[in-house]
Amino acid sequence: MSILSFLKRQLPGSSIDYRIQPRKVKFDWKETPVDWIPEQPFASYFINEINNILPAGEFWFCRLYNKVLPQISDEKLKQDVQAFIRQEAMHANAHTSANKEYLSARQIDIQRNLDIMNFLFTKLLADQPLDYEVPKVLEKQWDLFRLGVIATVEHMTCVLGKYALYNEKWHALGADPEMIDLIKWHGAEEIEHRTVAFDLYRHLGGGYIARYYLSVIVIAVVLGLWVDGAAHIMKQDPRFADKNPSLWRPWVWLEWYKQGRKDNQILPNPIWLVAQQIDYLMPWYDPVKEGSTEDAVRYLNQSPAAKRALLNAA
Ligand SMILES: [Fe+2]
Ligand SMILES: [Fe+2]
């Protein structure tokens, strides 16, 4: 056996033995009100902002994963990555439908938020960042850095997915079923594919140390973008005029914290969210242990949108 084939056999591959299932879902936004959680405009806007944040990033995951696909030597991991790409592309399309047919249709200006995300994912984190040609010797490092960013984000999306999957408060408050289903379907698929980004990062040589700085950067950027975007759509609503919501004013952060407290549970608590990153920093981190595939698939088997997708495919 050559040294190269020996080394290749040692690369960590897929850590799951089940098949990840892409689902071709479609949502209808005609009936969804701006306050999709009744009488909870803050939480409704806050969660609505994910419709603006996610699509550009998820399409970027797909482009980068398609680029590195030929480098994967583990067949099962390759299948996982292909299924991941199909799931993420569908997530991006579903959230795009919400931002076009729901938020824009209700005269909420979201273009500024979409422009920021597009700049981040089609310019700054592109194969040629800010149109700068990455020297050949650094190309692999640039890909690995970006794969590390995705692995870190995917740990967060798994954590948020669990929060959404087990949330009962939205339903109890009479929230819009279509939006609950979008969020729970997406969250459940995040749990279903939670191993893929981490497995791929390690398979292509991603190291442990980088997880520290990536984790710190990613959590700060994600929370900042979320609060900034939510503040922008919120401040268009006269009900928030006196608060003048902004990333730089404590009001949004305090309100987020209040709504995420145990006695409220309408939003994931920001402090809890940051604390969830600690797991990811442990040398023994294992994404398999971060969620229950059975619980995720149980939801996906009864999700109205996933059931409609099954009927359409039949
Ligand atoms: Fe996703
Ligand atoms: Fe994901």
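Helix H8 crosses helix H14 in a left-handed sense, a crossing being left-handed if the near helix is turned anticlockwise from the far one by less than a right angle, and right-handed if clockwise. H8 spans residues 177–192 and H14 residues 293–302, and the two pack at an angle of about 145° with their axes 9 Å apart. Axes here are lines fitted to C-alpha atoms, for helices over the stretch in contact, and angles run from 0 to 180 degrees between N-to-C directions. Helices are DSSP runs of H or I with at least four residues, numbered from the N terminus. The contact (heavy atoms within 4.5 Å) is made on the H8 side by Ile180, Asp181, Lys184, Trp185, Ala188, Glu189, Ile191 and Glu192, and on the H14 side by Thr293, Ala296, Val297, Tyr299 and Leu300. Sorted by class, the contact of H8 with H14 has eight nonpolar, one polar and four charged residues. In this sorting Ala, Val, Leu, Ile, Met, Phe, Trp, Tyr, Cys and Pro count as nonpolar, Asp, Glu, Lys and Arg as charged, and the others, Gly among them, as polar.

The model is predicted, with local features needing pLDDT of at least 70 and side-chain atom pairs counting only at pLDDT 80 or more, while totals for chains, interfaces and linings use all residues. Residues are numbered from 1 along each chain as its sequence is written, chains are lettered from A and ligands numbered from 1 in the order in which they are written, and side-chain values use heavy atoms, with hydrogens and water left out.

Glu192 belongs to H8 and is one of the residues in the contact with H14. Glu192 counts as buried because its relative accessibility is 2%; buried means under 20% relative accessible area, exposed over 50%, and partly exposed in between, with a 1.4 Å probe and protein chains only. Leaving aside neighbours within four places in sequence, Glu192 is in contact with Tyr18, Arg19, Ile20, Gln21, Arg23, Gln87, Ala296, Val297 and Leu300. The side chain of Glu192 makes a polar contact of 2.8 Å with the side chain of Gln87, and reaches the backbone nitrogen of Gln21 at 3.4 Å. A polar contact is a pair of N or O atoms within 3.5 Å; within protein, one must be able to donate a hydrogen and the other to accept it, and residues adjacent in sequence count only if both atoms are side-chain atoms. Glu192 and Gln21 are 171 residues apart along the chain, with C-alpha atoms separated by 8.4 Å.

Asp80 lies in helix H4, residues 75–103, and counts as buried because its relative accessibility is 2%. Its side chain is joined to that of Lys76 by a polar contact of 2.5 Å.

Thr195 sits in the loop between H8 and helix H9 (196–203). With a relative accessible area of 1%, Thr195 is buried. Beyond four places in sequence, Thr195 touches Ser15, Ile16, Pro287 and Val288.

Not counting residues up to four places away in sequence, Ala175 touches Trp36, Ile37, Pro38, Trp170 and Ile180. Leu173, with neighbours within four places left aside, is in contact with Ile37, Pro38, Gln40 and Ile266.

Trp36 and Trp170 return in the largest nonpolar core, of 96 residues, where they and Phe46 touch the most other members. Such a core is a set of buried Ala, Val, Leu, Ile, Met, Phe, Trp, Tyr and Cys residues joined through side-chain atoms within 4.5 Å. Phe46 touches Trp226, Val227, Ala230, Met234, Val252, Trp256 and Leu267, residues up to four places away in sequence not being counted.

Two loop residues other than glycine have positive phi. Gln107, in the loop between H4 and helix H5 (111–124), has phi near 60° and is exposed at 66% relative accessible area. Asp131, in the loop between H5 and helix H6 (136–166), has phi near 65° and is exposed at 59%.
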